[in-house]
Amino acid sequence: MTRSCPSHTRFALSVLLGIALSCGARAASPSGQAPAGSGRGVYEHWCAPCHAPGPGHPGTQSLQVKYGGKTPAVLLERTDLTPESVAFFVRHGVLSMPPFRKTEITDAQLAAVAAYVARGSRAP
Ligand code: HEC
């Protein structure tokens, strides 16, 4: 006696996959509306590629390892950074973070970005 099972409709999965793949291919909405000289503008241009949240950002990942979650790995979530300490790291670099020259980030831009990054600081 033979029983034939109904064939499973596996292709339904590939239909769903096709829909998923056709969406979300372009997420390149321009996010840099901040003026270039503003603290946020400097941050987004020079710092966010390494310090933005999520994987693929070496600064965020390195700080995750360094602090083991005791301090936020995302720079903008920190509450312990002073403008002076941020400026020091920017001019001197640390590990894979390069020092930034005045031809890249001027003193005025550095003051702006340091204040921007340290804005969550509760330090006096
Ligand atoms: C090429 C990637 C890269 C860029 C660009 C970069 N950083 Fe970093 N930054 C790092 C890495 C990696 C570390 C962490 C080193 C470590 O683990 O001690 C770091 C550490 C820091 C720290 C020290 C935090 C701490 O507690 O030790 C500060 C502050 C900082 N970056 C600010 C900035 C600012 C401001 C900018 C933009 C002007 C910037 N970084 C651009 C990679 C980068």
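A114 sits in helix α5, where helices are DSSP runs of H or I with at least four residues, strands are E runs of at least two, and both are numbered from the N terminus. A114 is buried, because 25 other C-beta atoms lie within 10 Å; the cut-off for buried is 20 or more such atoms, exposed means 12 or fewer, partly exposed is in between, and the C-beta atoms are placed from the backbone. Leaving out residues up to four places away in sequence, A114 touches P83, V86 and A87, with contact meaning that the C-beta atoms, placed from the backbone, lie within 7 Å. A114 also pairs up with F89 across the sequence: the two are 25 residues apart along it, while their C-alpha atoms are 9.8 Å apart in space.

A quick word on what you're looking at. This is a predicted model, in which local features need pLDDT of at least 70 and side-chain atom pairs count only at pLDDT 80 or more, while totals for chains, interfaces and linings use all residues. Residues are numbered from 1 along each chain as its sequence is written.

Now zoom out. The protein chain has 5 helices and 0 strands, so the order of elements from the N terminus is simply α-α-α-α-α. Of its 124 residues, 20% count as buried. Take the contacts between residues at least 6 apart in sequence, and 58% of them join residues at least 24 apart.

Back to α5, then. Which of its residues are buried? They are Q109, L110, A112, V113, A114, Y116 and V117. The cover over these buried residues includes α2 and α4, and each of those helices is worth a look.

Start with α4 (residues 83-92), whose axis comes within 8 Å of that of α5 (residues 107-117), the two crossing at roughly 125°. Axes here are lines fitted to C-alpha atoms, for helices over the stretch in contact, and angles run from 0 to 180 degrees between N-to-C directions. That angle makes α4 oblique to α5; under 35 degrees would count as roughly parallel, over 145 as roughly antiparallel and 65 to 115 as roughly perpendicular, with the rest being oblique. On the α4 side the contact is made by P83, V86, A87 and V90, and on the α5 side by L110, A114, A115 and V117. What kinds of residues are these? They divide into 8 nonpolar, no polar and no charged, where Ala, Val, Leu, Ile, Met, Phe, Trp, Tyr, Cys and Pro count as nonpolar, Asp, Glu, Lys and Arg as charged, and the others, Gly among them, as polar.

Next comes α2. The axes of α2 and α5 come within 8 Å and cross at roughly 90°, and therefore α2 and α5 are roughly perpendicular to each other. G39, R40, V42, Y43 and C47 of α2 meet Q109, A112, V113, A115, Y116 and V117 of α5. The residues of this α2 and α5 contact split into 8 nonpolar, 2 polar and 1 charged.

On to the ligand. How many residues surround it? There are 23, and the closest are C47, C50, G59, S62 and M97; a residue counts as near if its C-beta atom, placed from the backbone, lies within 6 Å. The elements giving two or more residues to this shell are α2 (39-51), α3 (58-67), α4 and α5. By type, the shell around the ligand divides into 18 nonpolar, 4 polar and 1 charged.

Between α4 and α5 there is a loop, and L95 is found in it. Its phi is near 50°, a positive value in a residue other than glycine. Most residues other than glycine have a negative phi. L95 is exposed, because 9 other C-beta atoms lie within 10 Å.

The tour ends in the segment after α5, where R119 has its place. R119 is partly exposed, with 14 other C-beta atoms within 10 Å, and its C-alpha is 8.2 Å from that of L76, 43 residues away along the chain. S121 lies in the segment after α5 too, and counts as partly exposed because it has 16 C-beta neighbours inside 10 Å. Aside from neighbours within four places in sequence, S121 is in contact with T79, D80, L81 and T82.

Terms used. Contact = placed C-beta atoms within 7 Å.
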